[in-house]
Structure formats: structure tokens, C-alpha cells
Amino acid sequence: MSGYRHSATGRRVLESLVTVVCPPEAHGLASAIVDHMELTLAASPPMLGRAFATGLVAYDLGALPLHGRRAHKLSAERRERYFASWEHGPTPLHTQFSHAINQLMSLSCYEMPAMTERLGYHPAPWIDEVTRRRLTVYRDDVRRQEAQILAPDPLRPGVYVGKRRREVG
Amino acid sequence: MAVARPALLEGTRPPGVFTRHDHHGDTVVDADVVVIGSGAGGSTVAAELAEAGFDVIVVEEGSYYQTRDFTADTSAMVRQLYRDGGATMAIGNPPVMYQEGRAVGGSTVINGGMSWRTPDKILARWEREAGLAGIAKDLEPHFARVEKRIHVAGMDAEAIGKDNHLLKRGADAKGWQIIGNLRNQAHCAGSNRCAFGCPTGAKQSSLVSYVPRALHYGARIYADVRVDKITRHGKRATGVIGTVRGTPHRLAVRAKLVVSACGAIHTPALLHRSGFRTPSGQLGHNLSMHPNVKVVAIFDEQVTGWRGAHQAFQVREFQDQGLVFAAVNLPPSVLAMSFPHRGAALGQLMDQYDRMVVAGMLCEDTATGRVRTIDGKPQAFYQLAEADAANLQRGVGLLSDLLFAAGAKRILLPFQGAPDLLSADDARRLMDRKIPAKGWEVVTVHMMGTARMGTDRARHVTDAFGAVHDTDRLMVADASLFPTPIGVNPMETIMALATRAAGHVIDNARRYLS
């Protein structure tokens, strides 16, 4: 765990990018999506979190010479153009960073219940249903397997090292 | 957002499992054997030795969860069950993303549950190249024992989902060999959540098989403890020292035998930072990864691939050429993450989620990479070989051809900037042009070979049973041991080798207990 937390600037940049990366249906979920990204980054290696935070600052400030404003303050049209310029960026670092934002934000976007519901993806009731079915239809087999897991079945029948250890002293 | 809770908080922790909440200061404990890692290798060794009367301690970096803790919240599961939240990468061009489990039960908690014996041709190669005479015959009873313990079986028909039926339809149409997958499951219910902790308890991962067995026969498990180093006296391993995650406390285990079973990435790093050197100089070398790519096929008909078992079939037509195909459903978030699309285009694509089949392939690689230890931490380096890239590209073409035969209308490829395929002719044309490997999206979950076993101490890191050459009381029991990649899912091979190693220790108990 890296203990990663978005900086205030980082959060503003990411919230502004939700309209660029996520589908229109997710635009109202910006805050939750950015929160989710924080959780994901916090579970990643610390170096990744630090690189991401640095990249966000560079991305934000990088808009100044081009557009006279920081990235999070750009209009929707300029925001789109600026992000696209990083996607086809002058260096591989630009490309990789925009790719990383796209990946992380898409992941978080489609973790939102409103988005999965939209796709008809609701695994929790399905899990409950098939679990119940398994424990009903195959109850005896399941119990047999559970018993087998613990039943004595020594790898070397007749050899019990615990006793031998005491003999060795 | 549902978050899995350590079982401790539910008050259901079985006796013998210790978590971070049990440490109130530094602790020193003694055992006959300390096993580092509780995955396929570690849990198997622990269970066999505990039943034979050894006093066994298992030290596991990850936390202890139970089946009830595995929810439908994909990213919460990834954060808790995967090392570094799944963001681990071998450096190369292209980089290879790899995943490792980090929980009691190790990667068996998050794998697909494919259970295959080591192919005969691989064992013959090991005999030939690593001097492992008779290993095929030797492993036979151990495979059988493992298969019984983890309940290796074919799938119940009603648990097989539409995505897998479509894969079969395509293979049948092409006349290609396709077989039902053997998996460690007791009536898999088809929740398709294998990779995020089986929520039904059907997958017989180490967490619900060898771990409870080890505990039942008296083993102790210290979860949440990262082993910093193996202690030693000269060339003799004497135990381990670890740090309890999230606390300042240390755990020291003094033991007569140390077994490293923390996987092909971490075992070499642990041995290196503990100061062990092997005469071969091969520790950390020979990393194989079974590079893996996927395609996404969109059908007109509804697929609902998340209802039904994970990888119910395998296409084996091209196994001799190092390629195996399977259908692998991914949750929306993980799939969306893999697409280069964004904005409205991403939404339009994802709206077709219910009509998608995700199919992947495993490639038996010829390249070898390396695990280096940098500041005590492992870093994998792996460069996809041109020959392997060509084989993967051929595989993508063949798999696409199969999916079109099954009725796919459009196929998305794992190459940056590649146009989608719209017909079988497109798929065949794909095989005619060379796609630079650097633009590929390659992932893997099979890391192998970094402490390879064999009889020649000048070429191999361990002996035929996993005892590290030129050391005393130090063994390896994970996929590091594989002298070569095996071309199939490695879990059962790891477990069979671990069982065999445990038998060797029992047979030589006087040596290991004195």
C-alpha cells in the first residue's frame, strides 16, 4: 500500500478529465470516480503513486504555455484537445501518462454501480443464486469433499516424525 | 462499497491462524519447518509435513480471508487479494503486466483453477536437460494425490456459460480439438469470479483445501507478515525474520528447515537479500512467463459471459506449437480498462458488453527474462522474443478465425492502433503482416524458472527435490523450480513437486531434524 492521496490540484485535474475519458452517462459521477481512482492508486506500488501525482502536476501546468490556463480550468473543447495532444504526445512519457489516466479512470468509471447497472451486470444476485443451487443440488458431494480435506491420509503411511523427533532427542 | 473484511473481525478465525492484530510486540517462535508463502507450493508442503508430525509454521505476507469475504466488488477484491493491487510489471518492450496473489492461499485464490499435469513432452525435456531421471514416473502418484485433495474434475454441464459454448461452436466449426477443462472445483457453480476469490467455495484453492488441512494437523499460519530475510549461520538456513504489515513489530521464526515458496518473482529476491549465493549464478535467471494476449469478439446474440464457469474449455489444436486458447470473461471495469477508447466511443463499445466474448491464449515462451533484486525488492525484466511474438500473432489470427466461425461480427485486437477485424478474411490477412511486438498488450499470471532445479550445480539452482545447491536446510517449493516453461497452467505441477519434496523431507527426517 502506498498511502496515496490525491492532492487538491490532482483531484481538480482528474475531475475535469472525467468528461474527456468517461462516457457522457458517467459525467455526473466525477467525484465518485476520482475517489475510486484514489483507492486503486493507494493499493499500487508507492513509486507508481508518486509518478502519477507528479504527472498530474505536469499535466496541469503543461497547459499554461499552450492555452494560457491550467488544464483543470480549460473549456470542454480545449480540455479535449489538450488531452489528445498528450495521447499523441511529443515524448513517450506524455503518451504513457495519458494512457495511464485512461486506464485508471475507465476502470473506476465501470466500477460505479450506475454504470454496471446500465450494462445489465449485476453479479451479486447471480452469486447468491448459484451458491444456493450448489449447496442444494450437490450438498452430499460438497460435504464429502469437505470431509476429505481433513481426513487422515499420510504421505508416508506408518511414518510419524513427531515420535521420531523425540527419539532423536 | 463492499470491502472484504479479514475473518478475524468476524470472529470466525480458525485456531492456528495469527494476523496482525495478534502482535503486540516483537515475537520469537520455534518450529521444525518454516514455510514462506501459503500458495500452491507452500500450503502443500505445510499440510504434508504437518500430517507427518513436523511442527510447521507458515509465514504469509497477505491477509487471511474466507469465502464469505469474497464479494462482487471487483476492484476491492483486486486491492486486497493482488500484490500491489495488480499493478506489477516486468520491464521490457512491450512491458508485461503480471499478477500475483497476496493472501493466505496465494495465487490459488485468484487463479482460474485450471488443473493439468505437466505434459509428458515437458517432463521428457526435464529428464534430458536437467538430469531429472525418472521424474515422470516419480511424479505420477503425487499428481494423483494432489488431484484427489483439490478435487480435480470436469465441469458440470449446467455451469458452462454461453461464452464457452461459443468458443466450442467455433472450434467445432473449424474441426479443431477442444477439450473440457479440468479444474480444481467441487461442482463449480459458474459465478465466473475465480480471479477475485471464489465466492461460492466451489474452487478448491489452497485456502479451502491444503491450508485447512495444514491447520487441522497442527500447522500455524502467521498472516500479514512480510519476510525480510532468511536467517543463516554460514550456509545453513536457520529461520526467518519478518515485519508484521501495518505495525512496527517483527516476527522471528527459528527453524531447522526453511522452505521458500513465495513464487518465481519473490523467491530469488528473498534468497538474494538473505545473502545466499549459488554456484551456478543462475538464481533469478531463466524467468519464463507464458505471455498471454486476448481478443474481444462482439456477437449479435446475447452472451452474458459473466454467467457461467471460467474457462470451461481449452482449444488444444495448437498445443504442440505452444498455443492454448480459452474464453475468459472479464468484469466491465477490467475490460474497459483494457480498451484504448474513451469518452462516448468507450460508452458505445461498453454498451455491447453483454454481447462480448473475451478469449485469450497462453503461449509457451522461448525467451527468458530475469529477476533482479534492487534495494532488496524484486524487479522482473522480460523481453518478448521475436519468435514468441510471431507465435502470439499467429495465435491471434487463429483465435479470431475461430470466433468468426462461431458467429462473431467484430473483433478487437490486443495491438495498439490496430484496426478491428470484421471478417475471417481480415483475420487471415492479419497473419500475413508483421506487427511490431512493442505495441502489444501482454499480460501473464504464470511466472516460472528463476531457481531451476537440476542435478548440475553449475547450471541449476536447486537439486531435484528443491534443496538449494551449496546451502544447508534451505528448500524452494514453487514455480521457480521449473527448468523450462510447461505450456499449461502450472498450479498442479507446483503442488505435485511440493508433495514430492515433502516426501523427501519425511524420508530424510533425521537429517532435517537433527
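**Figure legends: chains A and B of a predicted model**

**View 1. Charged side chains of chain B.** In this predicted model, chain B carries 58 positive and 50 negative side chains. The centres of these two sets lie 4 Å apart.

**View 2. Overall fold of chain B.** The secondary structure of chain B consists of 14 helices and 21 strands. With a radius of gyration of 22 Å, close to the 24 Å given by the globule rule for 514 residues, chain B is as compact as a globular protein of that length. The C-alpha trace of chain B spans about 70 × 50 × 40 Å along its principal axes.

**View 3. Interior and contacts of chain B.** Buried residues make up 66% of the 514 residues of chain B. Of the contacts in chain B between residues at least 6 apart in sequence, 75% join residues at least 24 apart.

**View 4. Surroundings of B:S400.** Helix α11 of chain B, residues 386–405, contains B:S400. The relative accessible area of B:S400 is 0%, so this residue counts as buried. When residues up to four places away in sequence are not counted, B:S400 touches B:V295, B:I411, B:L413, B:L421 and B:A427.

**View 5. Domains of chain A.** The domain assignment divides chain A into domain 1, residues 8–118, and domain 2, residues 125–168. A distance of 48 Å separates the C-alpha centres of domain 1 and domain 2 of chain A.

Definitions and conventions
Residues numbered from 1 in each chain as written. Chains lettered and ligands numbered in written order. Predicted model: local features only at pLDDT ≥ 70, side-chain atom pairs only at ≥ 80, totals over all residues. Heavy atoms only, no water. Domains from an automatic or database assignment. Helix = DSSP H or I, 4+ residues; strand = E, 2+ residues; numbered from the N terminus. Rg over C-alpha atoms; globule rule 2.2 N^0.38 Å. Buried < 20%, exposed > 50% of the residue type's maximum accessible area, 1.4 Å probe, protein only. Contact = heavy atoms within 4.5 Å. Lys, Arg positive; Asp, Glu negative; His and termini not counted. Charge placed at Lys NZ, Arg CZ, Asp CG, Glu CD.
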